[in-house]
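Dear colleague,

Please find the structure below, handed over for your records. My notes on it follow.

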Amino acid sequence: MTTQNRIAAAGFQRGASDPVRTGLSVQAIKRAVLDNLTFHLGRMQRLATPHDYYMALAYAVRDRLLQRWMQTHEAYAKHEVKVACYLSAEFLVGPHLGTNLINLGIEDAVRDALSELGLDLDAILDEEEEPGLGNGGLGRLAACYLESLATLEMPSVGYGIRYEFGIFDQEIHDGWQVEITDKWLRSGNPWEIVRPDIACAVKFGGHVETSADATGGQRTRWVPAQVVKGIPYDTPILGYDVSTCNTLRLWSAEACESFDFQAFNVGDYYRAVDEKIVSETISKVLYPNDDQARGKKLRLAQQYFFVSCSIQDMLRVHGLSGAPLERFADRFAIQLNDTHPSIAIAELMRILVDERGMEWERAWDVTQRACGYTNHTLLPEALETWPLPMFREMLPRHLEIIFEINRRFLDEVRLRFPGDDARLARMSLIDETGEKRVRMAHLACVGSHAINGVAALHTDLLKMSILADFHAMWPSRVVNKTNGVTPRRFVRLANPGLSTLVSSFIGESWVRDLDQLHGLERLAEEVDFRQRWREVKLDNKRRLAKAISARTGLEVPPEWMFDIQVKRIHEYKRQHLNVLHIITLYARLKRNPALEISPRVFVFGGKAAPGYDRAKRIIRLIHGVGEVVNADPETNGRLRVAFMPDFNVKIAHIIYPAADLSEQISTAGKEASGTGNMKFAMNGALTIGTLDGANVEIRQAVGQQNFFLFGLNAHEVEQLRRSGYRPQDYIEDNPELAEAIQLIRDGVFSRGDRDMFRPLLDDLLQRDEFFLCADYADYVQCQDSVASAWRDPEAWSRMSILNSARTGEFSSDRAIREYCKEIWGVRPVRVHLDD
Ligand code: 26Q
């Protein structure tokens, strides 16, 4: 029980009474829910739906957050703190209600209050529509970091975009992915507070005028073609068992009213209406991380829009403190989540130099000291660049500033590496190899005092590949910050059974100090504890089996091994390697129906980018294989294949705790970190994986004997590529691989259609960019050793417990402590509720 909960349970009441709007007792919460039903929603109790109750409860919880939120702001104002500003085009926060109850410590009280009303908390939690304002790992990481920042009592703000439509909902029709618009705001969002009073104006397009100023210097004036208004919507982010409640501030685009005034005649009226539509389009929809989204003008507009609003907002707050502009970087640390917000460098320079009259050198010093850049990819083709003409048309002054940054930067490179023209061309902020383009990663590197990768291997590879020149120039600037995930959401909330079991043995402080899970290591040796551990896992598998049955109609036996791969569908993540293994087992069983194999449920989940044909065919292939395997009496007694549609944060809560085996099988050197790998391991899944991303560190932490390793390492992959990789050689060498490919080719998994998977097969045979064929034999062999390990439940349980016990370092609390200390210089501030 948390402190706050204990106080509430003991009937202790702050002040003279237990206020309906802030009290934490069962009665106060029940009263608040009923009051909200009447006075907030205007619903009769007798007619109220579960969704009405969800809203009423959400408002009751929000009241309690707001009380802490205001105290938090008071404390920050009083202490002249430094604030971490996390700029991210994506925040995949997931449903709020559950984590807020846990972090407030009122889960039990709310459960009791609802039960007095004849309601079940779990059913009410299920009513929440999650904000899908992110694609996957990068957006979810931002959300975990906000939660850890609040838990660690660090002053911070998350800045992003309030997309009207988040990531599409995935439906499966006849085995194919169909995208449905995500209308997440349709029933209202009780967690946000709109702040029209602090809206910002953002300029676009037009031209730049220069004139001489009084002192003979040059003054630059940007005359825009259009101005858009950014309205902030704030969501309170509460920390666990603390009173710190920080802010996620998301900007929504609206037309500028001042422009409507020009609509004094009919023609202009329609122009004003058109302009309104154009303005509001900016925050309309989240782009999937799709090749077709690359280079889209609207995407650049989105990035500049939210960055400009956010920097204006920081400067407004800084102004309120009365501190001089030169001190800006002592008060604000700006973290760029990938290059998506990297225009911040040019925007901060523009405002400081053009609008605030600061000298270039001083402004540059402020900018560099304020900014840090996180890289999330090693794939050179994934680095963002913008065509010069488009950039100039939308942001003419920013392009000039980038040219000036580049001029000074290249002078520096010339001094360090005289006569090295090739290096200058490689490092320039402008790519001049073809159509000229602005290199956003280079802008981010030059304008930041710290550049970080997201796992040890990733950072090492960055230094050797895409950031090698920058690393040579500034050897201490590139650093590692291995990702982490929040244990509050991904263990405490998602896995209540495991949480209760663990807390009953080692207390509950592991929730804020995950290293304490080491206390489970000695329990791994106790037969009773292992038994209880298995019971919890089995319960979680029953819960997932129910969800699979409800969503797909497929029944899966909870006693079987649950072998799970959930993540975005991408060729480098190699879901199709997993499928090749399933087909191999299928073929073995068909050859020998009496064969003893450990029965398994293969579970997949993940969205494919709408324009990514190969990824969509992989989804179709999973369904095709499922259709055959699940229906065949010779195989369905030992194999089942399920595809859980619409994988999102809410479904993730059910999936991670139910896994026996976690598939982390990307081609070595391709996955920057991965974070799903951490969520699985924390919940006691064993990993089958390559030496890629954070898998390397996970294996080190849990012990190599508790991790199923296979495949080429990054170095070997690169060598094989250079020596001329021929997938055919591997296929000819391996009859089982040849057979699996042949079965697909014959249309066995496509109802006789031999064309459906041809693009996948042609690629596998001719190119196999992601080395499936090279890793296949080792993968299948490793899977065989997984199967034999599964046959010893005691040994398996022991490994499972050790995985949980040893994954404390993958808490986002550890990651955030490192960022705060080593990059941001941000320190905790205690917030007292009664101040
Ligand atoms: C780019 C241009 C146009 C439209 C969309 C995008 C876009 C959007 C999102 C490009 C990339 C993303 C997201 C990338 C991402 O999620 N990367 C993952 O980040 C995780 C957190 O660090 C890592 O764990 C994963 O390894 C990495 O793939």
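**Salt bridges**

R331 and E80 are joined through their side chains by a salt bridge, at 3.5 Å from N to O (a salt bridge being a side-chain nitrogen of Lys or Arg within 4 Å of a carboxyl oxygen of Asp or Glu). The pair links distant parts of the chain, 251 residues apart: R331 is in helix 11 (residues 328–331), and E80 is in the loop between helix 3 and strand 1 (83–87). Helices (H or I, at least four residues) and strands (E, at least two) are DSSP runs, numbered from the N terminus. R331 counts as buried at 13% relative accessibility, whereas E80 is exposed at 58%; buried means under 20% relative accessible area, exposed over 50% and partly exposed in between, with a 1.4 Å probe and protein chains only.

Please note that this is a predicted model, in which local features need pLDDT of at least 70 and side-chain atom pairs count only at pLDDT 80 or more, while totals for chains, interfaces and linings use all residues. Residues are numbered from 1 along each chain as its sequence is written, and side-chain values use heavy atoms, with hydrogens and water left out.

The count of salt bridges comes to 73. One of them joins R574 to D775, at 2.8 Å from N to O. R574 lies in the loop between strand 18 (561–566) and helix 23 (575–591) and D775 in helix 32 (residues 772–790), so this pair ties together parts that are 201 residues apart in sequence. Both R574 and D775 are buried. Salt bridges with shared partners also join R195, D197, D234, R249, D313 and R316 into one network.

**Aromatic pairs**

There are 21 aromatic pairs in the structure. Rings of Phe, Tyr and Trp (its six-membered ring) pair if their centres lie within 6.5 Å; planes under 30 degrees apart count as stacked, over 60 as edge-to-face and the rest as tilted. The pair of F204 and Y304 is edge-to-face, because the ring centres are 5.7 Å apart and the planes stand at 90 degrees. F204 belongs to strand 6 (residues 200–204) and Y304 to helix 10 (residues 297–321), 100 residues apart. F204 is buried at 6% relative accessibility, and Y304 is buried at 0%.

F409 and F470 form a stacked pair, since their centres are 6.1 Å apart and their planes are at 5 degrees. F409 is in helix 15 (residues 396–416) and F470 in helix 19 (residues 468–473), so the pair ties together parts 61 residues apart in sequence. Y86, Y145, Y819 and W824 make up one aromatic cluster.

**Core and sheet**

The largest nonpolar core has 188 residues, and those with the most contacts inside it include F409, F708 and W824. Such a core is a set of buried Ala, Val, Leu, Ile, Met, Phe, Trp, Tyr and Cys residues joined through side-chain atoms within 4.5 Å. Apart from it lies another core, of 58 residues, among them Y240, L498, M682 and A805.

An open sheet of 6 strands has the order 20-19-18-21-22-23, with parallel pairing; two strands pair if DSSP finds at least two bridges between them. Strand 20 (639–644) and strand 23 (708–709) are the edge strands, each pairing on one side only. Strand 22 (residues 686–689) is joined to strand 23 by 2 bridges, and G689 has L709 as its bridge partner in strand 23.

Yours sincerely
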